[in-house]
Amino acid sequence: MIKLEYLIILLLATIFLKLFNKNKNKIGSFLHVLDVPVKAKIHKRITPLIGSFPILILSIIVLIYFSFIYKNQDTTYILLCSYLFFIMGYLDDRYGLNAYLKLCISIIIIYLAINAFEFLIIDKIYIQTLDKFIVLGKIKLFFTILCILLLINALNLMDGINGLASGFASGWMLSLSLITNNEQISELFFILSIFTFINTFQIIRGHYFLGDSGTLFLGCLIGLSTIYIYNKQLIAGNLIDIEKIFIFFMIPGIDMFRLFLTRLLKRKDPFTRDLNHLHHILLKNFNLNKTLFIYLFLFLSSNLLSYYNIISAWLIIVIYLAIYIFFIFSYKKKFEKTS
């Protein structure tokens, strides 16, 4: 049952969001984060990149509120690390940082963060299909950093149409709130998930965009928290297999892999902007709402099938990989003709 104080926090946050939205252009101008339309983008008007600020402010308020109730400092640590990514994302939105500079800074932040907190390192993974653990040993730091970087980049690449990245982030956070046995983490993610979902409607309407400050902040927060929850559940004897985690992030991950591979084969910079993402291809064939629905359906259905063990994890992966390939090859020709 939802606690009364959380309903009050969400109500006040929603009222703040209304006021925030009314002053969006002034706020964007004041912060110097306005997205100007260029060839590699699909929007036609200057739009503020401030969609992450309401989420950031709410997370700080909730964190302060929780500090009077809980003694656990783990959540504080994870959020503070994520705030560093928010700052880097804001600087990128404002000044347009070099992609490789961001990558280097990201690696340093993640390395320092996980090296100082053992519960943020993936030491071993459980493969349900084989019913075995794989101990990562000497490569555990590299593997952990790689996983977090891949998630952050996958979320960043999804931020190409209104509401997609924030919608997925909301779904991920809600899922994390359900699978963890840590009360503080569960309550934090539940509140942030609901508010991010409400904020997503403002982004869908094009009032403002999430921006790199949002994708980097939420990507780091979700990545670190997933590892933290995985390790805590492991200690408690509630195993979360690697197949479920892969399915959790499968859809944006597959698209990121295809994009990077395609760009490399064409001898292009893998971080180059283009309109070759799955959501761009779908948007050329469907409208925004239908595109978002397709993504949401794929995300929810694959995770429900996995969560309730309705069919095997590998069969889910094969089915949804086939669906992904179908969308790419069935609609890409039409997409290329109209581009």
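Predicted model: local features only at pLDDT ≥ 70, side-chain atom pairs only at ≥ 80, totals over all residues.
Two packed helices are described by the angle between their axes and the distance between the axes. For helix H11 (residues 250-265) and helix H13 (residues 288-307), the angle is about 120 degrees and the axes lie 9 Å apart. Because angles of 65 to 115 degrees count as roughly perpendicular and those over 145 as roughly antiparallel, H11 is oblique to H13. On the H11 side, the contact is made by Met250, Ile251 and Asp255; H13 contributes Tyr295, Leu298, Phe299 and Ser302. By residue class, this contact divides into five nonpolar, one polar and one charged.

Helix H8 comes next. It spans residues 183-204, 22 residues in total, and reaches 31 Å from its first C-alpha to its last, close to the 32 Å expected at 1.5 Å a residue. At the start of H8, Asn182 places a side-chain oxygen within 3.0 Å of the backbone nitrogen of Gln184. Beyond the other end, just after H8, Gly206 adopts a positive phi of about 80 degrees.

Strand S3 (residues 124-127) pairs with strand S4 (residues 132-135) in the antiparallel sense, over four bridges.

Note on methods:
Residues numbered from 1 in each chain as written. Heavy atoms only, no water. Axes fitted to C-alpha atoms, helices over the stretch in contact; angles between N-to-C directions. Helix = DSSP H or I, 4+ residues; strand = E, 2+ residues; numbered from the N terminus. Parallel < 35°, antiparallel > 145°, perpendicular 65-115°, else oblique. Contact = heavy atoms within 4.5 Å. Nonpolar A, V, L, I, M, F, W, Y, C, P; charged D, E, K, R; others polar. Expected span 1.5 Å × (residues − 1). Polar contact = N/O pair within 3.5 Å; in protein donor to acceptor, adjacent residues only side chain to side chain. Pairing = 2+ DSSP bridges.
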